[in-house]
Amino acid sequence: MSVQSKSSIRITTLIVVFPLIVLLLYGLLTHMFFFFSKNEELREELIKYEKTLMDAQKDTLREKVENLVQFIRYYDGRSSEKIKEDVKNIVNVTADIANNLYAEYHTTMKEKELKGIIKSVLRKIKFEGDIGYLFLLDLQGNTLVHVDEKMVGTNIMHIQDVKGKYILKEFNRVLREKGEGFVDYYWYIVSEDRKEMYYKISFVKMLKFYDWYVGAGEYLKYMKRFVQKDILKYIEANANFKHGYFFISNSHNKMIFHPLLHGEKDLKKCKKEGFSTDEKYLSYTQYVSEYDWYVTANKDLAEVRANIDAKKESSILNEGSHIRTSFYIMMFTWVVSILLSLYLSMIINRKLKSYEAQLQNANEKLVFQSRQALIGELFSMIAHQWRQPINKVASILALLRFKIESKEISYNKIDQRCQEIEESVEFMSETIDDFRTFYQPKEGSESVNLKVLIEKSVHFLDVSIRKKNIDVVLMLENINFTLYGNEFLQVMINLIKNAIDSIEKRGQIIIKLYQKSDTIIISVEDSGVGIEESSLERVFDPYYTTKEDSMGLGLYMTKMIIQKHMKGSIKVEALPQGVRFSIYLKS
């Protein structure tokens, strides 16, 4: 059985079996797709259901935390206003005392003595249970009464706080504009070292005499501590809610309040704002900058997990019913598909046989035409190779006849001329042997020296090369490769002849053979008329040619031989002058 018949049987079998396999796989993949898509739908549905539940829990948790934070800020604001009001009241009472003393004694007592009494009375007024204090100054910045005895008697008009604010100048501005008012600034706590200033709010009020004014202030740091205690008492009383609780920490990873962890004061990691989840709890945290508090609400997710598990179990039961229905549909589809496949396979088989016959005829015609063209080219080459030795033999015979007739020749001269004739005939015989060997391809591939074959192909075309005065440059490495030698010779002859034809007169052909990594590269480059960019993609098409006396099969057969028999590739590229054909073979 021929190779072509075996190939035809394999293709026919493939045509019959392949559609069946495709349809069976299609059915199986469809079922799997349905199965996995339903699983994906179930997964997405469960994710959506879980997200809906979690979003509802998040909304509830966020609302609880925001309500608590709003309460903290409301209570803080209200308490801060109350403390400020207390400070104002103390200053007002103090101012009334001073004004009354002045009103009562300024007519009966010397000014110096009255000033001393007023200072003494004000010095004795203290803030009950706190570190706030009264101070008495004049508009020139002189300190008359102050809890810090070192400051009494000094002028502090130009003192600044840590923010660069001139404190007494701000006092004077408020007094000039309103006669009294609040001023905020940073100042040291007298009972502590003077390393750090703290935020402070003071109320100052102008007295009715001597350009004096009285003031008192509270540090925010200490104003807040009482408010914090009240807020924490409220949170402790309302810390627990359904399936959850509140707790408070700060940015230093300290636990401020926790209903369950009474003994634990340090946290491994401080809570940050926003939502967080673990296996058991959903948490939401919001930061209260006024106290450096992270207010967190924890919600136990046990109830939510139970609802999700119940939903999952119900969905899996429904999914099983859908899968069984899908399986029955798949089996029915398979049976119908197999019957349709058999019918279609018979039709395709008949069409293929008809197409195969047409293709075989076309291929045989194409190969025949290619061989005919090549034979014509070979005969032309032989004629060129024989012309010189034939002319030489004819000249020697004519000379011998003339010498014999004139009896002017010796035996040695005749023998010398015969040797010249024998050399010419031997050259003609070698030419026939070369072309006959080239035309009869070997049955198997063998390891050949590519350099030798390239040099031989140049030798075959020597007459055409010399006729056009073409300079052939050979840059060849010694490389062995396993292939059909005569087919490679045909490829090189086609490429070199194509280069010769593109050169009108005088030019250069550069042939390179080298190895780069695991690839053998053969290039044929000419300085001819070149090929237009629009035609580069068509040069390997059968019957495409720009020459009047060519069938357009040379480059097509060249490409077929390289791809099918050498497992390589060929590429053409346009040069500024001429073209380059490059062959790539894997070593």
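**Cores and aromatic rings in a predicted model**

Visitor: Where does Lys58 lie relative to Phe275?

Guide: Lys58 lies over the face of Phe275, 5.2 Å from the ring centre. A charge sits over a ring if NZ of Lys or CZ of Arg is within 6 Å of the ring centre and within 35 degrees of the ring normal. This is a predicted model, in which local features need pLDDT of at least 70 and side-chain atom pairs count only at pLDDT 80 or more, while totals for chains, interfaces and linings use all residues. Residues are numbered from 1 along each chain as its sequence is written, and side-chain values use heavy atoms, with hydrogens and water left out.

Visitor: And which ring does the charged end of Arg62 sit over?

Guide: That of Tyr284, with 5.8 Å to the ring centre.

Visitor: How many aromatic pairs does the structure hold?

Guide: There are 17 aromatic pairs, meaning rings of Phe, Tyr and Trp (its six-membered ring) with centres within 6.5 Å; planes under 30 degrees apart count as stacked, over 60 as edge-to-face and the rest as tilted. Tyr102 and Tyr210 are edge-to-face, because their centres are 5.3 Å apart and their planes are at 85°.

Visitor: Which aromatic cluster includes Tyr102?

Guide: Tyr102 forms one cluster with Phe209, Tyr210 and Trp212.

Visitor: Are Phe171 and Tyr213 buried or exposed?

Guide: Both Phe171 and Tyr213 are buried (under 20% relative accessible area; exposed is over 50%, partly exposed in between; 1.4 Å probe, protein chains only).

Visitor: How many residues has the largest nonpolar core?

Guide: The largest nonpolar core has 42 residues, a core being buried Ala, Val, Leu, Ile, Met, Phe, Trp, Tyr and Cys residues joined through side-chain atoms within 4.5 Å.
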